[in-house]
Amino acid sequence: MDNLLSEGLNLMVFGMGFVFVFLTLLVISTAVMSKLATKYAPAPAVKPVKARPTAAAQSASAATKNDELIAVMTAAVHKYRS
Amino acid sequence: MDKLLELWLASGIYNISAGQALMMVIGLVLLYLAIRKNFEPLLLVPIGFGGILANIPEAGLAFSAVENAIHFAKPEVLSALAGVLGVDSADPYTVLHAYKEASHSVHTAATDIALDAGYSNGMLYNFYLVAIASGAAPLVIFMGVGAMTDFGPLLANPKTLFLGAAAQFGIFATVLGAVGLSVLGIMDFSIQDAAAIGIIGGADGPTAIYVASLLAPQLLGAIAVAAYSYMALVPLIQPPIMRALTTVEERKIKMHQLRHVSKLEKIAFPVLLLILVALLLPDAAPLLGMFCFGNLMRECGVVDRLSDTAQNALINIVTIFLGLSVGSKLSADKFLDVQTLGILMLGIVAFGIGTASGVLMAKLMNKLEGGNAINPLIGSAGVSAVPMAARVSNKLGLEANPQNFLLMHAMGPNVAGVIGSAVAAGVMIKFVG
């Protein structure tokens, strides 16, 4: 019976220890990986270039949609009034 | 008149045992909790319904061919089974006991005899064999969870991984508790049983089922029911512990906005985690391997169809069969036991200790960083139970300070908890499996 208890204690000490060691290593390697990633692949620099044309396209399409909408609405108003 | 008598003798009312009736009531209670109270309905509806199916008298849905053969107890079949199993008497109880202790090859031989005699596996038993005994369903679900997980908050603040580690203390403390109960002679748990019970504290359904199916299949029903019901009770169990361990000032701490995480980092992380698992803990490879695979599918951006299937259609299909299979373990002879009470009790202790150690770890980290950087409330999210635990942290933060949104900060420890409990599961399987 004491054997069982010591087995449980062992499991707790080693298990908890291992979880911490593993996650510590994960923290370190993740931090290193993030540094490398931001150093060699500076993503934010690319973004604004891409963002502009899409934004322009969007506003353009929005503008045409607006025109259409206005046309439809005037037609509807005319019909209703006449 | 004979026919009428035969019909009566085959009816459920004539055959039902008190245990089966009680288990059906328990199944109905689970359905009530799921439907009316919204307790993890995606799992408790199939589990509760499976539990009712498993206890229908004479149908034997949750039993193997051999168990069905023993139940119907035709003398010639029983004696043939007794011969294969190497017991002298053809008494059904002795034969059943020998069948449960038998080695795999003897098992197969006994199954062949039962199949020849025209008995077959119950439907739920077949689901159990395919979904859980093979280990497939929990792992496929873990892949889906990986595909649903966004590691962004964790990558923005990797230190929160420590909170996910600290909260696993609940698992190991409970193992010690279960072993202690056995030593005191109150319960009778082996070290494998204790390990499987402790994993409830990981607050992670698929992990708990996977570990239980490997270490203590006879306790699987109780462990799964405990794990999922306590996960549903997270908003009730955690807040009192969190309030007791933190001061109002600590709860008011506002955390810095998280930095932007690039796509490359998100793609690299699952690969990095997989390499670490491969190097350090191959026993956690099934769980974390599938998890990383699912996450890589999500983040790499070129297999959106696969990622979509993994996190929607596939996980739903597998959840149905997993729930029904767990329900099959709710048959009266397997569930109605003092051990089940012990498991339910130890499970809630595991949750409580996990929450407390997560919060305490967050307090410690906050002290080390000058006392105004980390809100200790996010520590409790380290028990996993994604995303419920993170929402609880957020809610308590808002209570202390209506402008304090902790949700994204708590998601870091929350997903770290998933990794932490999978690692703890790997350690358990390695040491006692």
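## Aromatic pairs

Two rings of Phe, Tyr or Trp (for Trp, its six-membered ring) count as a pair if their centres lie within 6.5 Å; planes under 30 degrees apart make the pair stacked, over 60 edge-to-face, and the rest are tilted. With that rule, a search of the whole structure turns up 9 aromatic pairs over all chains.

Let's start with F72(B) and Y119(B), a stacked pair with 6.1 Å from centre to centre and 10° between the planes. This pair links distant parts of the chain, 47 residues apart: F72(B) belongs to helix 5 of chain B, while Y119(B) is in the loop between helix 8 (104-116) and helix 9 (123-133). Helices here are DSSP runs (H or I, at least four residues), numbered from the N terminus. F72(B) is partly exposed at 39% relative accessible area, whereas Y119(B) is buried at 12%. The cut-offs: buried is under 20% relative accessible area, exposed is over 50%, and partly exposed is in between (1.4 Å probe, protein chains only).

## What the model is

This is a predicted model, where local features need pLDDT of at least 70, side-chain atom pairs count only at pLDDT 80 or more, and totals for chains, interfaces and linings use all residues. Residues are numbered from 1 along each chain as its sequence is written, chains are lettered from A and ligands numbered from 1 in the order in which they are written, and side-chain values use heavy atoms, leaving out hydrogens and water.

How are the rings of Y230(B) and F351(B) arranged? Their centres are 6.0 Å apart and their planes sit at 65°, so this pair is edge-to-face. Y230(B) is in helix 16 (residues 220-232) and F351(B) in helix 24 (residues 338-368), so the pair ties together parts of chain B that are 121 residues apart in sequence. Y230(B) is buried at 10%, and F351(B) is buried too, at 0%.

There's also a cluster: F142(B), F151(B), F269(B) and F291(B) form one aromatic group.

## Two residues to look up

N68(B) is part of helix 5 (residues 65-72) of chain B. Is N68(B) buried or exposed? It's buried, with a relative accessible area of 7%. Apart from neighbours within four places in sequence, N68(B) is in contact (heavy atoms within 4.5 Å) with G60(B), F63(B), Y119(B), S120(B) and G122(B).

T309(B) sits in helix 21 (residues 304-311) of chain B and is partly exposed at 36%. T309(B) and A147(B) are 162 residues apart in sequence, with 9.3 Å between their C-alpha atoms.

How values were computed: Helix = DSSP H or I, 4+ residues; strand = E, 2+ residues; numbered from the N terminus.
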